[in-house]
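The structure under discussion is shown here.

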Amino acid sequence: MMRSMPDRLPQTLQKTISERLHFYEDLGINLFYKQRNTQQPQPPATQFADSLAARATQQISNEESSLPKTARKPEPPKPAQSTNLAVPPRPTRTPDILPVPSGPTLFEAFTRVPDDNLLKIRTDLGECTRCKLHRTRNKIVFGDGNPKAELVFVGEGPGHDEDMQGLPFVGRAGKLLTQMIEAMGLQRKDVYICNVVKCRPPENRAPEKDEVAACSPFLMRQIDSIAPKVIVCLGSTAAQTVLETNRGISQFRGQWLEFRGRKLMATYHPAYLLRNPSAKSEVWKDLQKVMAVLGLEPKKGKPADAAKPS
Ligand code: SF4
């Protein structure tokens, strides 16, 4: 009795082996099947027959592999593989760290108040005690100017003069800002001026993080309500607050940036210009870019302006 060929062998190979086994059978070797379910050792003749069968299989296999390729049985087509090495393999598991979604920043996510206006914002601010700056202030400096201005200037916070008057940029730095605005062919009443924090920090120090966090939502509402074409941030505190960055202002000063769908330009604070008059030329270049966007012509027939390069 001949044992059956394994199913995985090709039919031609099975046929050839079968013929060889019949040949061995004709020679009197009739022990090619064995009791696989028993643990008994095989008789030497069975081992010999198996050895012959293995060698026959190996020989036939070698013969087949030496055949010309055209004579080989065609292999089933393999699934096409991409040769694009730039395509990374599909991940086999969910990554532990999800990618940071590209979405609105904290301020951009700040809910816009429908039908907001400056009067409503000032009413909501009230006699504010949301941060510790309220303890030392004299007056809240909310902001001043055209509620529909195309240009908004944002400073850092009130100084002594502003704290006393309740108006932004009315000290020495404020006078220089007024000259800059006029050099642009505008007047103060044409623009809107406000600060990141509405109360004066003691000793004119920079506002602290918690103070900025408490007060800046009102600045955002002011900007949204006015909806200017251009925002000019004066100094690093204003720029870093609005842009939510720790980068120094010199790294992005004079470049057009985007904030809540509006064009934003950061430049030096007028107080800095008072200490460093040579920087006026840089600020004037920045303001000329703003003028180009707003379609403004510099004021003519005026003596050398403090904002212009000397
Ligand atoms: Fe309120 Fe702003 Fe003044 Fe702080 S700085 S007390 S948040 S108005």
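Of the chain's 310 residues, 27% count as buried, and the model from which this figure was computed is a predicted one. The secondary structure comprises ten helices and six strands. When contacts between residues at least 6 apart in sequence are considered, 73% of them join residues at least 24 apart.

**The ligand shell**

The ligand is surrounded by 14 residues, of which Cys 128, Cys 131, His 134, Cys 199 and Cys 215 are the closest. By class, this shell is made up of nine nonpolar, two polar and three charged residues. Helix H7, which spans residues 209-226, gives the most to the shell, contributing three residues.

**The nonpolar core**

The largest nonpolar core holds 50 residues, and within it Val 152, Val 154, Val 232 and Cys 233 touch the most other members. The largest share of this core, seven residues, is supplied by H7. For Val 154, the contacts beyond four places in sequence are with Cys 194, Asn 195, Val 196, Leu 219, Ile 231, Cys 233, Leu 234, Ala 238 and Val 242.

**Packing of H4 and H7**

Helix H4, residues 118-125, has an axis that comes within 9 Å of the axis of H7, and the two cross at roughly 170°. Because angles over 145 degrees count as roughly antiparallel, H4 is roughly antiparallel to H7. In this pairing, Leu 118, Ile 121 and Leu 125 of H4 meet Phe 218, Arg 221, Gln 222 and Ser 225 of H7. Sorted by class, the contact between H4 and H7 has four nonpolar, two polar and one charged residues.

Helix H8, residues 236-243, is mostly covered, with seven of its eight residues buried. The buried residues are Ser 236, Thr 237, Ala 238, Ala 239, Gln 240, Thr 241 and Val 242. What covers them includes strand E2 (151-155), H7, strand E4 (230-234), strand E5 (256-259) and strand E6 (262-267).

After H8 comes Glu 244, which has a positive phi near 55°. In the loop between H8 and E5 lies Asn 246, and this residue counts as exposed because it has 7 C-beta neighbours inside 10 Å. Although Asn 246 and Ser 236 are ten residues apart in sequence, their C-alpha atoms are 9.1 Å apart in space.

Most residues other than glycine have a negative phi. Asp 115 is not a glycine, yet has a positive phi of about 55°, and Phe 169, likewise not a glycine, has a positive phi of about 50°. Asp 115 is found in the loop between helix H3 (106-109) and H4, whereas Phe 169 is found in the loop between H5 and H6. Are these two residues buried or exposed? Asp 115 counts as exposed because it has 6 C-beta neighbours inside 10 Å, while Phe 169 is buried because 28 other C-beta atoms lie within 10 Å.

**The H5–H6 loop and H6**

Val 170 also belongs to the loop between helix H5 (160-165) and helix H6 (172-183). With 20 C-beta neighbours inside 10 Å, Val 170 counts as buried, since the cut-off for burial is 20 or more. Leaving out residues up to four places away in sequence, Val 170 touches Asp 161, Glu 162 and Gln 165. Gly 174, in turn, lies in helix H6 and is buried, with 21 other C-beta atoms within 10 Å.

| Pair | Separation along the chain | C-alpha to C-alpha distance |
|---|---|---|
| Val 170 and Pro 158 | twelve residues | 9.2 Å |
| Asn 246 and Ser 236 | ten residues | 9.1 Å |
| Gly 174 and Ala 271 | 97 residues | 8.3 Å |

Technical notes: Residues numbered from 1 in each chain as written. Predicted model: local features only at pLDDT ≥ 70, side-chain atom pairs only at ≥ 80, totals over all residues. Near = placed C-beta within 6 Å. Helix = DSSP H or I, 4+ residues; strand = E, 2+ residues; numbered from the N terminus. Nonpolar A, V, L, I, M, F, W, Y, C, P; charged D, E, K, R; others polar. Core = buried A, V, L, I, M, F, W, Y, C linked by C-beta atoms within 7 Å. Buried ≥ 20, exposed ≤ 12 C-beta atoms within 10 Å, placed from the backbone. Contact = placed C-beta atoms within 7 Å. Axes fitted to C-alpha atoms, helices over the stretch in contact; angles between N-to-C directions. Parallel < 35°, antiparallel > 145°, perpendicular 65-115°, else oblique.
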